[in-house]
2 protein chains.
Amino acid sequence: MAGVSRSTVSYALSGKRSISPETRRRVDDAIKELKFTPNAGARSLRTAQTGVLGLLVQFHEDEFAPAMLQYILPITETARALGYDILMMTENDGAEALTRAAESGMVDGLILLDVIDGDPRVDALRATHQPGVLVGLPGDTRGLDVVDLDFAAAARNLVDHLFDLGHRDVVLVSPPRHVFDRGGTYSWRFRDAAVQRASEIGLRLTARYGESQQPAIDANLHEILDESPDATGLIMHNDASVAALPRLLNERGVRVPDDLSVVSLYSRDFARWFSLPYTAIESSPGLLGKVAITQLTERIAHGDDAGPHGTRLVAAEIVDRGSTR
Amino acid sequence: MAGVSRSTVSYALSGKRSISPETRRRVDDAIKELKFTPNAGARSLRTAQTGVLGLLVQFHEDEFAPAMLQYILPITETARALGYDILMMTENDGAEALTRAAESGMVDGLILLDVIDGDPRVDALRATHQPGVLVGLPGDTRGLDVVDLDFAAAARNLVDHLFDLGHRDVVLVSPPRHVFDRGGTYSWRFRDAAVQRASEIGLRLTARYGESQQPAIDANLHEILDESPDATGLIMHNDASVAALPRLLNERGVRVPDDLSVVSLYSRDFARWFSLPYTAIESSPGLLGKVAITQLTERIAHGDDAGPHGTRLVAAEIVDRGSTR
DNA sequence: ACTGTTCATCGAATCGATTCGACGGCGACA
DNA sequence: TGTCGCCGTCGAATCGATTCGATGAACAGT
């Protein structure tokens with residue numbers, strides 16, 4: 001319809017060779033007229049690029065699902081801004097899904113969400129030689145690009161915050177014990193850093209395991225509060241538990257911050273959704289996702305030339321909501 | 001390596017022609033040895049099928065995001081069970097995204113989540129001639145496959161439930177006014193059915209708009225409760241508001257069900273996440289997603305032969321959590 | 001011994017894009 | 001006027017699968 005060959009159309013579209021203005025106009029007109037859209041399959045066959053990133057989401061029964069959405073959304077949005085679509089895979093056997101997507105060439109790169117120590121998906125990723133980025137820190141990060149929140153810094157920050165206000169007896173509510181056992185390194189990193197800092201500065205810190213499902217959450221929190229009657233501060237590092245806390249403290253007649261100072265770690269959205277009134281380190285899943293995708297696309301474009309592989313720990317600031325005194 | 005032609009390998013894999021056991025063994029061995037996986041791009045180019053479904057997720061600022069995940073997960077899982085992967089698109093311009101995915105042949109079919117009346121994505125879907133299923137009911141459903149919860153039946157059910165227990169003065173908290181204005185038909189369908197049933201049976205029902213963001217939620221609920229001091233029952237049709245309700249009633253010193261009977265409409269997961277203790281119609285996003293995907297794959301496989309297009313309203317049962325008397 | 005079937009396999013065309021090398025036309029320069 | 005180079009365009013090969021028609025072997029029937 002434009003009176004030119006297919007190669008000319010291709011060059012007009014990609015701009016990889018010069019095209020006369022006259023020809024370009026005719027091509028554009030014909031494209032509009034015919035509503036032509038390049039076929040993704042053919043393009044990916046020829047170029048070995050798909051414009052799709054695989055997002056591997058892992059759902060653990062014992063984790064708090066709503067928190068996951070905070071990661072997924074910014075990731076898809078950032079990806080789109082960089083020209084990529086997202087293939088979301090939520091299978092239990094994440095390693096198998098990853099391998100399938102990568103080997104069949106459906107994706108240009110992979111994002112692994114909520115990576116734990118010993119995560120089988122990491123081995124699968126190494127085996128495929130596809131670019132990939134982890135969100136969540138495994139034990140062995142050799143040759144991997146990893147992005148995560150700096151949980152240790154966050155923990156120290158919160159401990160200091162309470163200490164500076166004069167608190168000397170504080171309770172930490174961590175994720176459930178099985179999250180520790182399973183390899184959720186964020187739980188270790190937060191708790192260990194908190195414990196160490198507390199002992200350095202002379203703060204009595206009682207580390208407890210929280211729960212992640214009702215009705216265990218309520219029982220567990222009641223028990224923890226009952227057993228530390230002298231504690232004046234509470235550090236919550238457990239999404240499910242902190243979401244239940246306002247109502248529970250209300251039922252117990254505990255006023256915040258008059259009777260108890262509470263600090264935690266969650267995102268702005270999370271605070272909004274659950275009406276959480278606590279001073280908290282503001283984790284930024286959106287930023288994390290953005291950093292991860294940016295890193296991944298760099299790696300896709302430049303391979304090993306995109307710089308050395310490594311771990312990026314993102315620091316977060318404290319947001320004072322007046323729940324401490 | 002197996003000493004056969006490519007076509008024989010293809011037939012061995014697909015089983016579309018008979019293959020001698022001996023040859024099949026040699027092919028399988030070679031495939032394992034070479035770690036061969038068919039290239040998705042080439043396959044889709046040849047067959048015009050991708051094994052991918054497009055999932056169009058719409059995020060309205062004024063809606064309650066955590067609820068969305070309840071739909072997304074079962075959808076990806078059901079899809080995978082039927083052999084499909086999910087391409088997730090969350091762009092603001094959903095119509096554009098839909099068109100892009102469909103026209104470039106990236107997907108075999110489309111799922112539209114949270115469809116409203118006058119949704120531009122519906123027009124885009126009609127224009128593509130791709131199989132598609134809507135979750136959420138628009139005004140005009142001609143020629144469309146639609147799946148949604150039966151909100152009208154749910155509303156009548158809850159009204160009857162309170163009436164049968166002797167309540168005669170009840171308040172309904174709906175979604176925010178702009179959800180009605182925007183075309184969220186579930187808000188109309190629920191409210192209109194509730195109002196009509198109430199007038200039929202002689203129940204005084206005050207329909208109010210709820211809010212969806214703090215701190216407006218709290219102020220709004222306080223106002224509603226203050227202005228209907230004689231109401232003995234509360235019907236909550238508003239995720240964000242009902243999530244805040246337990247704490248708020250606690251603060252007001254209102255006991256459930258002694259001082260007030262509360263019923264609502266939400267899923268089991270939602271109740272768990274937010275520790276909601278109310279008797280509720282148990283919406284089942286998982287079932288909805290499953291029905292939608294099943295319908296879509298039928299449509300992909302058999303086109304118009306898969307039966308007439310139409311709307312499936314899924315009914316849901318009431319779960320008594322003891323919040324009424 | 002010849003014909004007709006059935007079964008397993010092969011060769012070649014095809015899907016729709018990208019890309020490389022080639023080529024004709026034209027202006028610049030000697 | 002002849003040569004060189006550049007610019008814009010074209011033709012053909014290619015990516016990796018699927019699929020149709022053809023082919024040869026084995027075997028049964030007359």
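Is Ala48(B) buried or exposed, going by its C-beta neighbours inside 10 Å? With 11 C-beta neighbours inside 10 Å, Ala48(B) counts as exposed, where a residue is called buried if 20 or more other C-beta atoms lie within 10 Å of its own, exposed if 12 or fewer, and partly exposed in between, the C-beta atoms being placed from the backbone.

## Basis of the description

This is a predicted model, in which local features need pLDDT of at least 70 and side-chain atom pairs count only at pLDDT 80 or more, while totals for chains, interfaces and linings use all residues. Residues are numbered from 1 along each chain as its sequence is written, and chains are lettered from A and ligands numbered from 1 in the order in which they are written.

Most residues other than glycine have a negative phi, and most peptide bonds are trans. Ala48(B), which lies in the loop between α3 and β1 (52-56) of chain B, has a positive phi of about 60° although it is not a glycine. Asp114(A) also has a positive phi, near 60°, and its place is in the loop between β3 (109-113) and α6 of chain A; Asp114(A) is buried, with 21 other C-beta atoms within 10 Å. The helices and strands named here are DSSP runs numbered from the N terminus (H or I with at least four residues for helices, E with at least two for strands).

Cis peptide bonds are found in each of two loops described here. In chain A, the bond from Gln214(A) to Pro215(A) is cis, with omega near 0°, and Pro215(A) sits in the loop between β7 (204-209) and α10 (216-227). In chain B, Val256(B) and Pro257(B) are joined by a cis peptide bond with omega of about 5°, and Pro257(B) belongs to the loop between α11 and β9 (261-266).

## Helix packing in chain A

Two packed helices are described by the angle between their axes and the distance between the axes; here the axes are lines fitted to C-alpha atoms, for helices over the stretch in contact, and angles run from 0 to 180 degrees between N-to-C directions. Helix α4 (residues 66-81) of chain A and helix α13 (residues 285-302) of chain A have axes that come within 8 Å and cross at roughly 40°. The two helices α4(A) and α13(A) are therefore oblique to each other, given that angles under 35 degrees count as roughly parallel, over 145 as roughly antiparallel, 65 to 115 as roughly perpendicular and the rest as oblique. Among the residues that make the contact are Tyr71(A) and Ile75(A) of α4(A) and Leu288(A) and Ile293(A) of α13(A), where contact means that C-beta atoms, placed from the backbone, lie within 7 Å. By class, this contact of α4(A) with α13(A) has 8 nonpolar, 4 polar and 1 charged residues, with Ala, Val, Leu, Ile, Met, Phe, Trp, Tyr, Cys and Pro counted as nonpolar, Asp, Glu, Lys and Arg as charged, and the others, Gly among them, as polar.

Helix α5 (residues 94-103) of chain A and helix α6 (residues 120-128) of chain A pack at an angle of about 20°, with their axes 8 Å apart, and α5(A) and α6(A) are therefore roughly parallel to each other. Residues that meet here include Leu98(A) in α5(A) and Leu125(A) in α6(A), and the contact of α5(A) with α6(A) divides into 6 nonpolar, 3 polar and 3 charged residues.

## Buried residues of two helices

Leu288(A), in helix α13 of chain A, has 24 C-beta neighbours inside 10 Å and so counts as buried. Leaving aside neighbours within four places in sequence, Leu288(A) is in contact with Tyr71(A), Val135(A), Val147(A), Leu149(A) and Val314(A).

Val9(A), in helix α1 (residues 6-14) of chain A, counts as buried with 21 C-beta neighbours inside 10 Å. Not counting residues up to four places away in sequence, Val9(A) touches Val4(A) and Val27(A).

## Where the chains meet

In all, 39 residues of chain B are in contact with 39 residues of chain A. The largest share of the side of chain B that touches chain A, 7 residues, comes from α4(B), and by class this side has 18 nonpolar, 13 polar and 8 charged residues.
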